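I set out to look up a few local features and one chain contact. My entries follow in the order I made them.

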Amino acid sequence: MKEDIIAPENLVYEKPSLMNDTPMHYCPGCSHGVVHKLVAEVIEEMGMQDKAVGVSPVGCSVFAYRYIDIDWSEAAHGRAPAVATGIKRCWPDRLVFTYQGDGDLACIGTAETIHALNRGENITIIFINNAIYGMTGGQMAPTTLLGQKTVTCPYGRTPELHGYPLKMTEIAATLQGTCYVTRQSVDTVAAIRSAKKAIRKAFEASMQGKGSSLVEITSTCNSGWKLSPVKANEWLREKMFEFYPKGDLKNTIDE
Amino acid sequence: MGKIKGSIVVNTDRCKGCSLCVVACPKDVIALSDKHVNVNGYPYAVAVRPDDCIGCASCGIVCPDGCISVYKKRMED
């Protein structure tokens with residue numbers, strides 16, 4: 001009976017065809033994989049396979065170009081929005097987006113991020129915020145929560161010593177150049193569906209020339225947080241959403 | 001009215017055994033293999049109660065590595 005069900009006409013879900021079979025280097029349960037899938041699915045559904053250009057950052061997602069079969073450019077650390085600006089200005093008919101983590105976007109690339117968003121470049125920035133430096137081994141990031149333990153703040157982040165966590169998405173929402181600023185997550189099926197809608201909306205706005213969009217995805221880093229993937233999702237819901245509430249912070253697309 | 005039946009196919013060598021699909025499944029269909037590992041040494045997702053599958057695709061959607069294909073069919077009885 002199982003053989004009856006497994007037939008091409010009954011297929012309801014599979015890996016997006018834009019995502020290739022290269023094994024991903026991410027840790028088991030990493031949110032990056034889910035977001036990669038969403039990006040591939042949205043580009044496929046928009047029919048932009050031949051016109052999409054991604055800019056990959058430095059960080060865990062430095063190899064993003066290996067997994068999705070579209071055009072990519074690799075940027076120097078934090079400079080992805082500047083590279084994307086150049087690509088979009090030379091090639092206005094392309095769907096240009098950057099894919100950046102919190103170390104890349106909120107630390108070394110703060111200036112590029114804020115200025116590209118403020119100029120209203122018609123690009124989308126996908127911002128993976130997992131509150132830690134994952135690739136380098138779990139050091140404190142600008143987005144690390146107060147009290148959160150990392151290898152460089154083993155007793156927990158304190159404002160006296162380490163300052164306060166940076167809310168880049170809230171800052172982006174105050175800039176005039178942005179048209180869509182939202183915070184999503186990929187911890188549950190419903191959240192993943194909502195994140196996909198947000199990415200699609202941002203991509204469409206960038207193609208319609210409405211300004212720049214920032215889609216923050218609060219993500220897990222189970223290796224850096226020293227939790228299992230399932231426990232990391234629980235921790236995300238318990239701790240991260242309190243400080244980084246989900247939802248649209250700015251939306252001038254529909255006005 | 002026919003009953004909706006589902007089935008999953010796991011790309012076991014791509015699976016990293018993160019068990020996010022195990023938690024996401026509303027019908028407790030999936031578990032990690034307890035005796036076998038794949039080429040990379042990870043225990044992989046297996047449909048241990050395949051008859052309960054309703055083809056909701058929750059497992060496929062949450063899978064970070066895109067290992068799971070989901071099929072759904074309305075069975076005529």
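I began at the end of helix 2 of chain A, where Gly47(A), just after the helix, takes a positive phi of about 70 degrees. I kept in mind that this is a predicted model.

I then went back along the helix itself. Helix 2 of chain A runs over residues 31–46, 16 residues in total, and spans 23 Å from its first C-alpha to its last. That is close to the 22 Å expected at 1.5 Å a residue. I found helix 2 of chain A mostly covered, with 13 of its 16 residues buried.

Next I looked up the contact between the chains. Chain A puts in 25 residues and chain B 28 residues. On the side of chain A that touches chain B, the elements giving two or more residues include helix 1 (2–5), helix 8 (189–207) and helix 10 (229–243). Helix 2 of chain A gives the most there, with four residues. Sorted by class, I noted 16 nonpolar, four polar and five charged residues on that side of chain A.

I checked for strand pairing across the two chains. Strand 1 of chain A pairs with strand 4 (residues 68–75) of chain B in the antiparallel sense, over two bridges. Tyr13(A) stands opposite Val70(B) of that strand 4.

Last, I looked at Pro159(A), which is found in helix 6 (residues 159–162) of chain A. Is Pro159(A) buried or exposed? I logged Pro159(A) as exposed because 9 other C-beta atoms lie within 10 Å, and the cut-off for exposed is 12 or fewer. Leaving out residues up to four places away in sequence, Pro159(A) touches Leu146(A) and Tyr164(A).

Conventions: Residues numbered from 1 in each chain as written. Chains lettered and ligands numbered in written order. Predicted model: local features only at pLDDT ≥ 70, side-chain atom pairs only at ≥ 80, totals over all residues. Buried ≥ 20, exposed ≤ 12 C-beta atoms within 10 Å, placed from the backbone. Contact = placed C-beta atoms within 7 Å. Expected span 1.5 Å × (residues − 1). Nonpolar A, V, L, I, M, F, W, Y, C, P; charged D, E, K, R; others polar. Pairing = 2+ DSSP bridges.
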